[in-house]
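Me: Could we go through this structure together, one topic at a time?

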Amino acid sequence: MKISALAKISLALAATTILTGCHTDMWVQPKVKSQEKSKFFADGKNTRMPVEGTVPVGGAKLDDAYYTGYVDGKLVKEFPVPVTKELIRRGQERYRIFCTHCHGEIGDGKGMIAQRGFTLAQPVGNYHTDRLREMPIGHFYDVINRGYGTMYPFGARIKPEDRWAIAAYIRVLQFSQHAPLEDLDQPVRQKLGVTTAQATKQGPLFTEVAGFGAATQPAPAPQDTTMTMNEAEGGRL
Ligand code: HEC
């Protein structure tokens with residue numbers, strides 16, 4: 001029987017594949033898999049720890065205030081980063097991602113899961129207490145970084161800059177529920193019937209960010225100023 005040229009080529013190809021494919025030297029070779037035991041080192045580990053004191057490139061965290069919220073064992077009272085509108089906005093966004101489900105949109109500890117059966121030895125923290133209003137800002141950074149009581153730490157998930165951003169936003173929330181009258185801008189004062197200081201002072205940055213009215217925007221008519229924190233920004237603070 002005559003074998004066609006095509007069949008010959010196919011056979012040759014198959015033979016080459018089978019014969020050369022049988023090499024297992026790449027597969028069976030001296031190597032260690034992660035977490036596997038090894039007899040090579042006396043301690044039985046197959047990888048080495050970095051030499052003590054090793055600092056990763058760009059990883060020397062020398063600025064205690066920025067990285068821990070403490071200086072010489074004391075909570076910092078001042079932000080180690082400039083508090084800008086962008087920082088606060090970022091904090092608002094991060095807060096909504098990481099904190100609202102427990103702490104609620106305004107930080108009163110009435111987040112969805114706190115309301116719906118989430119029970120802990122301690123109730124979820126409420127930011128609107130005198131103790132927390134007077135707490136140095138470093139405390140909020142530290143709570144995010146290392147956790148607090150039954151609240152787990154977020155240090156592994158939220159980077160330092162964002163921890164400060166969230167801390168700044170917590171101050172906004174505190175302010176939103178406890179604003180001194182003289183710090184409210186005109187439409188809000190009008191709504192509250194504060195006549196003495198009307199239209200004399202623009203609200204501070206925090207009020208502006210919280211959605212009570214930006215300096216650049218015309219003040220809304222008095223009947224439109226019934227805005228609460230939750231209604232601000234079209235219902236999505
Ligand atoms: C899974 C629910 C949960 C989440 C998510 C959560 N917390 Fe908490 N938080 C708690 C609980 C519970 C407490 C009270 C802990 C205690 O007193 O032991 C608390 C307390 C606090 C306190 C008060 C600390 C004090 O001095 O009393 C702050 C501030 C705080 N959390 C900030 C945050 C921030 C910021 C986030 C988001 C990055 C966050 N939490 C996310 C549950 C949560």
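The chat below goes through the fold, the pocket, the aromatic rings, the cysteines and the backbone.

Me: Before we start, what kind of model is this, and how are residues numbered?
Reply: This is a predicted model, in which local features need pLDDT of at least 70 and side-chain atom pairs count only at pLDDT 80 or more, while totals for chains, interfaces and linings use all residues. Residues are numbered from 1 along each chain as its sequence is written, and side-chain values use heavy atoms, with hydrogens and water left out.

Me: What does the secondary structure come to?
Reply: The protein has ten helices and two strands, where helices (H or I, at least four residues) and strands (E, at least two) are DSSP runs numbered from the N terminus. Along the sequence the pattern reads α-α-β-β-α-α-α-α-α-α-α-α.

Me: And how much of the protein is buried?
Reply: Buried residues account for 32% of the 237 residues. Buried means under 20% relative accessible area, exposed over 50%, and partly exposed in between (1.4 Å probe, protein chains only).

Me: How much space lies in the largest pocket?
Reply: About 620 Å³. On a 1 Å grid over the protein atoms alone, a pocket is an open set of points where a 1.4 Å probe fits, with protein on both sides within 12 Å along at least five of seven lines; lining residues have an atom within 4 Å of a point. Grid points are joined across faces, edges and corners, and the volume is the space filled by probe spheres set on the points.

Me: Which residues are closest to its centre?
Reply: Of the 29 residues lining the largest pocket, the closest to its centre are His-103, Val-124, Gly-125, Tyr-148 and Met-151. The elements that give two or more residues to this lining are α4 (100-103), α6 (130-134), α7 (137-146) and α8. The largest share, four residues, comes from α7.

Me: What is the lining like by class?
Reply: The lining has 19 nonpolar, nine polar and one charged residues. Here Ala, Val, Leu, Ile, Met, Phe, Trp, Tyr, Cys and Pro count as nonpolar, Asp, Glu, Lys and Arg as charged, and the others, Gly among them, as polar.

Me: Switching topic: how many aromatic pairs are there?
Reply: The structure holds eight aromatic pairs. Rings of Phe, Tyr and Trp (its six-membered ring) pair if their centres lie within 6.5 Å; planes under 30 degrees apart count as stacked, over 60 as edge-to-face and the rest as tilted. One of the pairs is Tyr-95 with Tyr-169, tilted at 55 degrees between the planes and 5.6 Å centre to centre.

Me: Where in the chain do those two sit?
Reply: Tyr-95 is in helix α3 (residues 85-98) and Tyr-169 in helix α8 (residues 160-177), so the pair links distant parts of the chain, 74 residues apart. Both Tyr-95 and Tyr-169 are buried.

Me: Which rings form a cluster?
Reply: Phe-79, Tyr-141 and Trp-164 are linked into a cluster by ring pairs.

Me: What about disulfides, how many are found?
Reply: Zero disulfides are found in the whole structure, a disulfide being a pair of cysteine sulfur atoms within 2.5 Å. Cys-99 is buried at a relative accessible area of 12%, and Cys-102 is buried at 16%.

Me: Last one: what is phi at Gln-35?
Reply: Phi of Gln-35 is near 70 degrees, a positive value in a residue other than glycine. Gln-35 lies in the loop between α1 (5-21) and α2 (64-68), and counts as exposed because its relative accessibility is 79%.
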